[in-house]
Amino acid sequence: MSARYRLHTCSYSEYRPGMGVGVRASLGTPRWIKRETPWPYVREIAPHGSYLNVPSLAEFYDRYLHQLETHGAARIGRRFAEIAAAHPGPEVVDLVLLCFEKLSKAGAECHRTFFARWWTEQTGEQVDELGAPPAQDALFDPGAAS
């Protein structure tokens with residue numbers, strides 16, 4: 001039987017080990033994290049480097065959404081289950097998807113909020129942000145951009 005998991009998101013700088021298993025959801029890792037630290041990595045949800053500098057947030061969202069749809073919730077979920085199974089302990093393992101953006105900064109936006117919204121739509125499972133609450137102007141509504 002594979003381990004069950006619950007997903008959360010957070011910035012690297014706000015993450016604390018007591019929150020759960022830190023999972024890298026970014027292309028890079030902060031310099032302050034030791035290279036020998038074995039951070040699980042889910043490349044399927046890390047944004048592809050070729051569209052990090054697209055001209056608009058709407059275009060970024062479209063490309064990132066295509067990436068998620070290409071991999072699909074079932075495949076991504078299997079990856080999460082593998083990570084949870086590798087961490088013995090509680091019956092439900094908290095996985096914290098990490099990237100660089102602190103959402104409390106005005107104008108901040110991040111792929112992890114896109115992912116959380118998509119995951120909830122696909123699975124019905126809520127993904128909570130564990131960092132400071134997002135600034136009101138940081139909330140991008142992809143439906144409004146269409």
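Visitor: Which residues does Arg112 touch, not counting residues up to four places away in sequence?
Guide: Keep in mind that this is a predicted model. Arg112 sits in helix α3. Leaving out residues up to four places away in sequence, Arg112 touches Thr9, Cys10, Ser11, Leu97, Cys99, Glu101, Leu103 and Glu129.

Visitor: Is Arg112 buried or exposed?
Guide: A residue counts as buried when its relative accessible area is under 20%. Arg112 has a relative accessible area of 2%, so Arg112 is buried.

Visitor: Which residue has its backbone oxygen 2.8 Å from a polar atom of the Arg112 side chain?
Guide: Glu101 is among the residues that Arg112 touches. The backbone oxygen 2.8 Å from a polar atom of the Arg112 side chain belongs to Glu101.

Visitor: Ser11 was in that list too. Which side chain does Ser11 join through a polar contact of 2.8 Å?
Guide: Ser11 is part of strand β1, residues 4-11. Its relative accessibility is 0%, so Ser11 counts as buried. Not counting residues up to four places away in sequence, Ser11 touches Leu98, Cys99, Phe100, Glu101, Lys102, Arg112 and Glu129. The polar contact of 2.8 Å joins the side chain of Ser11 to that of Glu14.

Visitor: Let us step back for a moment. What pattern does the protein follow along the sequence?
Guide: The protein has 3 helices and 4 strands. Read along the sequence, they follow the pattern β-β-α-α-β-α-β.

Visitor: What share of the contacts with a separation of 6 or more comes from residues 24 or more positions apart?
Guide: Contact here means heavy atoms within 4.5 Å. Among contacts in the protein with a separation of 6 or more, the share from residues 24 or more positions apart is 69%.

Visitor: And how much of the protein is made up of buried residues?
Guide: The protein has 146 residues. Of these, the buried residues make up 44%.

Visitor: Now the helices. Are α1 and α3 oblique or perpendicular to each other?
Guide: Helix α1 covers residues 57-71 and helix α3 covers residues 111-123. They pack with their axes 11 Å apart, at an angle of about 45°. The crossing of α1 and α3 is right-handed. With that angle, α1 and α3 are therefore oblique.

Visitor: How many charged residues are in the contact of α1 with α3?
Guide: From α1 come Leu57, Phe60, Tyr61, Tyr64, Leu65, Leu68 and Glu69, which meet His111, Phe114, Phe115, Trp118 and Gln122 in α3. By class, this contact has 9 nonpolar and 2 polar residues, and the number of charged residues is 1.

Visitor: How are α2 and α3 placed, roughly perpendicular or roughly parallel to each other?
Guide: Helix α2, residues 73-85, packs with α3 at an angle of about 110°, their axes 11 Å apart. Angles of 65 to 115 degrees count as roughly perpendicular. The two helices, α2 and α3, are therefore roughly perpendicular.

Visitor: How many nonpolar residues are in the contact of α2 with α3?
Guide: In α2, Ala73, Ile76, Gly77 and Phe80 meet Phe115, Trp118, Trp119, Gln122 and Thr123 in α3. This contact of α2 with α3 has no charged residues and 3 polar ones, and the number of nonpolar residues is 6.

Visitor: One last stop. Is Val54 buried or exposed?
Guide: Val54 lies in the loop between β2 (21-24) and α1. Not counting residues up to four places away in sequence, Val54 touches Glu59, Phe60 and Arg63. Its relative accessible area is 17%, so Val54 is buried.

Notes
Residues are numbered from 1 along each chain as its sequence is written. This is a predicted model: local features need pLDDT of at least 70, side-chain atom pairs count only at pLDDT 80 or more; totals for chains, interfaces and linings use all residues. Side-chain values use heavy atoms; hydrogens and water are left out. Axes are lines fitted to C-alpha atoms, for helices over the stretch in contact, and angles run from 0 to 180 degrees between N-to-C directions. Angles under 35 degrees count as roughly parallel, over 145 as roughly antiparallel, 65 to 115 as roughly perpendicular and the rest as oblique. A crossing is left-handed if the near helix is turned anticlockwise from the far one by less than a right angle, and right-handed if clockwise. Ala, Val, Leu, Ile, Met, Phe, Trp, Tyr, Cys and Pro count as nonpolar, Asp, Glu, Lys and Arg as charged, and the others, Gly among them, as polar. Buried means under 20% relative accessible area, exposed over 50%, partly exposed in between (1.4 Å probe, protein chains only). A polar contact is a pair of N or O atoms within 3.5 Å; within protein, one must be able to donate a hydrogen and the other to accept it, and residues adjacent in sequence count only if both atoms are side-chain atoms.
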